[in-house]
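Here is a short tour of a protein model, written for someone who is just starting to read structures. Have the picture open beside the text and look for each part as it comes up.

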Amino acid sequence: MVAGKDVCLRRLSKGDRALEVRFNRFLGNSKVTKERIIESWSESTAAAVTGRHVLAIQDTSEIHFNTTPQRRRGLGEIGKGNHHGVLLHPMLAVDADNGTCLGLLSGEVWTREGPRSVSHDSRDLSDKESQRWIATALAAKPLLTGAAMVTLLGDRESDIFVLYASAAEQDYRVIARSMHDRKLADTTGLYAAIDAMTAVERRIIELPARAGRPARPMDLELRFGAIELARPQSEFLRHLPKSLHLAIVDVREINADPNVEPLHWRLLTSHEVTSSDDAWRIVAWYKQRWIIEQFFRVLKTQGFKLEDSQIGAAGRLLKLVAIAAKAAIITIQLLQARNGSQQSLHVAFNPSEIDALTALNQQLEARNRRLKNPHPSDRLAWAAWIIGRIGGWDGYPSSKPPGPITFKNGLDYFRAVALGWSLRNVCMP
């Protein structure tokens, strides 16, 4: 998938019908489970987090598969009930200091079984989809023992009182964007308390361009302060503390163009915030959440086009999504590595593949002695330089760095080379 930047089994098989059948049999094998595939996500991540402050970023994405009433493939409803597909909730590990994507940690892939007869407010958290935020964090706990610090980070859907309480129990920090105007311990409203805070600083920050949105400078106003968040009045939460001590960091865009929606982030955090520098640091960490949005785009519209899959059963689609998630994270790591990331080479390549990369590097450097791989040979950036070269990049520092298509071409070629390399000592009768 990484080499072909695709998840379509027919295209990955390149016309080899027998290979396509083998791919399908693999996905249909009862011994191949989505749980084990998800478990394998973190095989290289646990070592990469050692000694770092890790942002454990979570989010949920709906993956829509085109279908008809006669061919639902066992898929449940998504969106507002007008589409069918599966849901993916991953947790990514990101270095808080430099934004390096360290890999996947844990997560869930599922499809809804049908509408619920009991209302959302009348169910315990364990019987709601929102429990995935706590379950995913708990599943990642053994993988993060070597980290110097862990901060759970999520968008508005992670604004859950239970998550704040659970994070404290697990010795995690947390940053979440507010979704609800909650009650404080003194019975006042959260948003009213924020608006009453004095604006302490302004900064101009460049908002990067994204699909359908051009880059623009933003004039941001900063507020921050300590709050005591009251426990929601639910019978299912009475075992939790009556209130939690948190900090609020509020950044809002002022003087925005009338044609754009002004940015406004109300960030709840368990980090101590006592100065403007502390508050801007929380904002900088929250900005790293864009990496998981990039991950979803690589998985779907701008990369593997996962939603184009025509696999005919929900069980196989769930496994395909789990496999594609790992492929998408490797692609992101290679894209980051082209800029000199200090990520370890072993996060994406096994020992035999590293031997093949070494041979290719020697050959590439020999062709033009003015061109040398500038990166240490134990870093992913070293491999990215090689993959970019064999994909068509000229390697000169003054040239535009290789992009996704160049990496796709290079990886496609490299996989064939690596396969041949693995057979170099095989004696044929």
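Helix H10 and helix H12 (residues 380-390) pack with their axes 8 Å apart, at an angle of about 90°. H10 and H12 are therefore roughly perpendicular to each other. On the H10 side, the contact is made by Gln333, Leu334 and Ala337, and on the H12 side by Leu380, Ala381 and Ala384. Sorted by class, the contact of H10 with H12 has five nonpolar residues, one polar residue and no charged ones. Please keep in mind that this is a predicted model.

H10 (residues 314-337) has another helix to meet: its axis and that of helix H2 (residues 17-28) come within 8 Å and cross at roughly 100°. That makes H2 roughly perpendicular to H10, because angles of 65 to 115 degrees count as such. Which residues meet here? From H2 they are Asn24, Phe26, Leu27 and Gly28, and from H10 they are Arg316, Lys319, Leu320 and Ile323. By class, the contact of H2 with H10 has four nonpolar, two polar and two charged residues.

| Helix pair | Angle between axes | Distance of axes |
|---|---|---|
| H10 and H12 | about 90° | 8 Å |
| H2 and H10 | roughly 100° | within 8 Å |

**Two enclosed helices**

Next, try to find helix H9 (residues 290-299). Seven of its 10 residues are buried, so H9 is largely enclosed by the rest of the structure. The buried residues are Ile291, Ile292, Gln294, Phe295, Phe296, Val298 and Leu299. What do they pack against?

**Two residues with positive phi**

H6 is followed by Asp171, which is placed in the loop between H6 and E7. The phi of Asp171 is near 65°, a positive value in a residue other than glycine. Is Asp171 buried or exposed? At 59% relative accessibility, Asp171 counts as exposed, because the cut-off for that word is over 50%.

Asn255 also has a positive phi, of about 60°, although it is not a glycine. You can find Asn255 in the loop between E10 and E11. With a relative accessible area of 66%, Asn255 is exposed.

**Rings and charges**

Now let us turn to the aromatic rings. How many aromatic pairs does a search of the whole structure find? The search finds three.

Lys141 lies over the face of Tyr172, at 4.8 Å from the ring centre. In another place, the charged end of Arg266 sits over the ring of Tyr191, 3.8 Å from its centre.

Finally, look for Glu108, which is in strand E5. Glu108 is partly exposed, with a relative accessible area of 22%. Which residues does Glu108 touch? Leaving out residues up to four places away in sequence, Glu108 touches Ile38, Leu87, Leu88, His89, Gln131, Arg132, Ala135 and Thr136. Compare Arg25, 83 residues from Glu108 along the chain: the C-alpha atoms of these two are separated by 23 Å.

Conventions:
Residues are numbered from 1 along each chain as its sequence is written. This is a predicted model: local features need pLDDT of at least 70, side-chain atom pairs count only at pLDDT 80 or more; totals for chains, interfaces and linings use all residues. Side-chain values use heavy atoms; hydrogens and water are left out. Axes are lines fitted to C-alpha atoms, for helices over the stretch in contact, and angles run from 0 to 180 degrees between N-to-C directions. Helices (H or I, at least four residues) and strands (E, at least two) are DSSP runs, numbered from the N terminus. Angles under 35 degrees count as roughly parallel, over 145 as roughly antiparallel, 65 to 115 as roughly perpendicular and the rest as oblique. Contact means heavy atoms within 4.5 Å. Ala, Val, Leu, Ile, Met, Phe, Trp, Tyr, Cys and Pro count as nonpolar, Asp, Glu, Lys and Arg as charged, and the others, Gly among them, as polar. Rings of Phe, Tyr and Trp (its six-membered ring) pair if their centres lie within 6.5 Å; planes under 30 degrees apart count as stacked, over 60 as edge-to-face and the rest as tilted. A charge sits over a ring if NZ of Lys or CZ of Arg is within 6 Å of the ring centre and within 35 degrees of the ring normal. Buried means under 20% relative accessible area, exposed over 50%, partly exposed in between (1.4 Å probe, protein chains only).
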